[in-house]
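Me: I'd like to learn how to read helix packing and a chain-to-chain interface. Could you walk me through an example?

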Amino acid sequence: MGPKKGKAMDKTYYSAESLRRALGFFEERYGMSSSDFYAAYVDYDESCMAGRGISGFHRHSWASFYRDWRRMSGEDFAATVERELHAA
Amino acid sequence: MDIWEYFQQRDREVAEQSAAWDDDLGQPYAEEQGSNGQRGRIFGRVVLSEHAFLAVNEAVEVQGSGVTRSVYAYYLVYDGVELCGEERDPTHTPPVHRHDRNHKRYPSSVISFKEALTRAWAMLAAEEELRTYDTQEPRQPEES
């Protein structure tokens, strides 16, 4: 059961590092990298999802953790720099 | 408002509907490090019965007195099977949608956590009634 009404909650935190560990649990369970999974998720690749038995809730959670991890770790920024370098 | 006030509110909503977070999974609430109490996540299971729970994933941002759930998923799971799910995900079309037990997607409206929990209870009651009916012995015709 969660904290009782009126009782102060114990504060917990997450970081890019802890999200990375969470992504690792998904990757281990479903046998694919988070980047491959996310590409399939965004493309509605149902055969990839259903074929691996990834539940709807896990799909949603994995994708949202991955997006947050990219934002918090600066991966999105790094990808922008990489694209600029390739375009130059 | 900060994220912890929002979490406290969520906790009250769970308790008010005679449900509880799954203790075995640990604390469902977490603040994003470095966000100064403005961003956080809820991830866990609200136990509804021996057989059912509501799986919850939310990414939340507080701005002033307002709260935005940029992402949410509420899935009713019965004996390991997802009976239905409500989602908001900006990468999908439409972003707000519902899934049935075959994970087929339908457009939906934004739903509050409280409403999702209320619907989950109703659906659970219907599912359990259906299962009870299915397991009953066929009634024999009465002798005249």
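This is a predicted model: local features need pLDDT of at least 70, side-chain atom pairs count only at pLDDT 80 or more; totals for chains, interfaces and linings use all residues.

Me: At what angle do helix α2 and helix α4 of chain A pack, and how far apart are their axes?

Reply: A helix pair is read from its angle and its axis distance. Here α2(A), residues 34-42, packs with α4(A), residues 56-73, at about 115°, and the axes are 10 Å apart. Their crossing is left-handed.

Me: Which residues make that contact?

Reply: From α2(A) come Ser34(A), Phe37(A), Tyr38(A) and Tyr41(A), while α4(A) supplies Arg59(A), Trp62(A), Ala63(A) and Tyr66(A). By class, six of the contact residues are nonpolar, one is polar and one is charged.

Me: Now the interface. How many residues of chain A are in contact with chain B?

Reply: A general idea to start with: the size of an interface is often given as the accessible area lost when the parts come together. In this case we count residues instead: 20 of chain A are in contact with 32 of chain B.

Me: Which element of chain A gives the most to that side?

Reply: That is α4(A), with seven residues. Both β1 (13-14) and α4 of chain A give two or more residues to the side touching chain B. This side of chain A has eight nonpolar, eight polar and four charged residues.

Me: Do the strands run parallel or antiparallel where β1(A) is joined to β2 of chain B?

Reply: They run parallel, and two bridges join β1(A) to β2(B), residues 29-32. Tyr13(A) has Glu31(B) as its bridge partner in β2(B).

Key
Residues are numbered from 1 along each chain as its sequence is written. Chains are lettered from A and ligands numbered from 1 in the order in which they are written. Axes are lines fitted to C-alpha atoms, for helices over the stretch in contact, and angles run from 0 to 180 degrees between N-to-C directions. Helices (H or I, at least four residues) and strands (E, at least two) are DSSP runs, numbered from the N terminus. A crossing is left-handed if the near helix is turned anticlockwise from the far one by less than a right angle, and right-handed if clockwise. Two residues are in contact if their C-beta atoms, placed from the backbone, lie within 7 Å. Ala, Val, Leu, Ile, Met, Phe, Trp, Tyr, Cys and Pro count as nonpolar, Asp, Glu, Lys and Arg as charged, and the others, Gly among them, as polar. Two strands pair if DSSP finds at least two bridges between them.
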